[in-house]
Amino acid sequence: MVFILGFNFPESRLVNSALQSFYGVGPQHTQRLMAKLYIHKSARIGSLADKQVLDLTAELSNMTIENDLRRKLQDNIRRLRDMGAYRGRRHAMGLPVRGQRTRTQTITAGKLNKVERHG
């Protein structure tokens with residue numbers, strides 16, 4: 001088991017999928033990180049050297065991921081609500097925010113907009 005930023009990963013797991021398991025790290029960020037640290041795209045966590053794991057942990061700790069990113073998202077929504085902006089009111093009501101149709105398909109938007117709006 002390899003320990004990266006509070007998570008244990010089995011040694012057989014691909015580095016690519018392990019990095020993407022962090023909230024806020026997608027395929028693009030993963031590809032850039034792996035290229036920066038000279039890690040092959042099919043490398044496994046167990047095949048990384050200790051220095052590479054430490055470098056990877058250092059890079060991830062400099063990024064805004066996991067709880068920090070979730071908190072930032074909630075703060076942005078809270079700011080829009082407090083300001084009284086249109087988007088903030090739509091978030092507060094649980095309606096589509098980005099101009100989607102509301103005549104028939106608001107149920108889908110309600111399911112997708114699961115961000116905590118009531119504060």
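Does Arg89 count as buried, partly exposed or exposed, and at what relative accessibility?

**View 1. Arg89 in helix α5 of the predicted model.** At 46% relative accessibility, Arg89 counts as partly exposed, a class lying between buried (under 20% relative accessible area) and exposed (over 50%), computed with a 1.4 Å probe on protein chains only. Arg89 belongs to helix α5, residues 86-93, where helices are DSSP runs of H or I with at least four residues and strands are runs of E with at least two, numbered from the N terminus. The model is predicted, so local features need pLDDT of at least 70 and side-chain atom pairs count only at pLDDT 80 or more, while totals for chains, interfaces and linings use all residues. Residues are numbered from 1 along each chain as its sequence is written, and side-chain values use heavy atoms, with hydrogens and water left out.

**View 2. The aromatic cluster of Phe7, Phe9 and Phe22.** Ring pairs join Phe7, Phe9 and Phe22 into a cluster, a pair being two rings of Phe, Tyr or Trp (its six-membered ring) with centres within 6.5 Å, called stacked if the planes are under 30 degrees apart, edge-to-face if over 60 and tilted otherwise. This rule gives three aromatic pairs. Because the planes of Phe9 and Phe22 stand at 75°, with ring centres 5.9 Å apart, that pair is edge-to-face. The two residues are 13 residues apart and link distant parts of the chain, with Phe9 in strand β2 (residues 7-9) and Phe22 in the loop between α1 (15-20) and α2 (27-36). Phe9 counts as buried at 3% relative accessibility, and Phe22 counts as buried at 3%.

**View 3. The two sides of helix α2.** Thr30, Leu33 and Met34 are the buried residues of α2. Seen down the helix axis, they fall within an arc of 95°, so they line one face of α2, the arc being that of the directions from the axis to the C-beta atoms. The buried residues of α2 pack against α1 and α3 (50-62), with contact meaning heavy atoms within 4.5 Å. On the other side of the helix, Gln31, Arg32, Ala35 and Lys36 are exposed. Just after α2, Tyr38 adopts a positive phi of about 55°.

**View 4. Contacts made by Val15.** Leaving aside residues up to four places away in sequence, Val15 touches Met34, Ile39, Ala43, Arg44, Ile45, Leu48 and Leu56.
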